[in-house]
Amino acid sequence: MSQKKRNYLFFEIIFFAVLMVSAGNAQENAQLWVTKDFSQETLVNKTVSVNDDSVMSILNNNARLDTAFGGGFVTGINGILSDSVNGEQKDWFYYVNGLLANVGALQYFPKAGDNVWWDYHRWNDAVYVAAVIGAYPQPFLSGISGKVEPTIIIVSPRLIDTARALQQSLKDQNIAVVDVAEYTPQAVQDNQSYRILIGAWADLENDPQIKDIVKNSHKSGFFIRFDGDGLHPLDMSGNPAQAFKNAAAILAIGGGFAQIPPRWIVTGTSDEEVKKAVDLLISHSERIQFYSGAVVAGNEVVNVPVIGKK
């Protein structure tokens, strides 16, 4: 073998070895986010190595912590402490792939590709945010604890082409099982799949499960309201913060990652507004990064629940 060929073979081996190491490292990485009031302030945005570490260990390696109860409960991150002012409690919560954790940070061990998101926000016994959209395409991509449920897009018949476009976009992001079905109340009740419900509000508002979600909006995460004036984003107290005559919303409804798989709802004042919201998921999902939920009105994307507006 000539020296030239030996040199070529040597560099080829080195090149593929680097690729394999890089691929292996990528498979062991997760995202760590730390924010205040969801998109209001970003404190940490890192790619971190999981290495069989707990959520608490990963956070401790990347931020300054204050803890209680023997180090098992986070009371402060980077000097921002749990607080209660005028009866308003603010604490740290963590989400895995967009779903509120219901186990302690010492007990959950993220998998490769997971998104671990700590957020500091207001809550009380009647109001909390159990699922969020800001880690999209999670949870559809990685699921929880390495278990990925099938995704089904449930859509009103007039928007079937819109659903097909979203289906293809999800498949392009390596989400293997994504089906599309026309809307029926029975399809909405399916508790074995991750569901994305798409339709104008006039087509969805009388569904029994949607009625229940609206009735319990403070706990379900349905921080919007429809009336004759259009769509209203709500604050944490359920008060309208704005009004949009023509708009759509993207919301995640969930009860914690050990419970029923989450339901996402994309709805709006008309089919055209719903199409715009779905197109945002397909083409501009970076615009909802760190968001709890979103109202899409023209070029404006509003984080809901609205924080800091009266």
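Helices H3 and H8 are roughly parallel to each other, a term applied to angles under 35 degrees. The structure is a predicted model, in which local features need pLDDT of at least 70 and side-chain atom pairs count only at pLDDT 80 or more, whereas totals for chains, interfaces and linings use all residues. Residues are numbered from 1 along each chain as its sequence is written, and side-chain values use heavy atoms, without hydrogens and water.

The axes of H3 (residues 160-172) and H8 (residues 271-283) cross at roughly 10° and come within 10 Å; axes are lines fitted to C-alpha atoms over the stretch in contact, with angles from 0 to 180 degrees between N-to-C directions. Helices are DSSP runs (H or I) of at least four residues and strands (E) of at least two, numbered from the N terminus. Thr162, Ala165, Leu166 and Ser169 of H3 meet Lys275, Val278, Leu281 and Ile282 of H8, contact being heavy atoms within 4.5 Å.

Three strands form an open antiparallel sheet in the order S3-S4-S5, pairing requiring at least two DSSP bridges. S3 (65-68) and S5 (80-81) are the edge strands. Four bridges join S3 to S4 (residues 73-77), and Thr67 stands opposite Val74 in S4.

How values were computed
Parallel < 35°, antiparallel > 145°, perpendicular 65-115°, else oblique.
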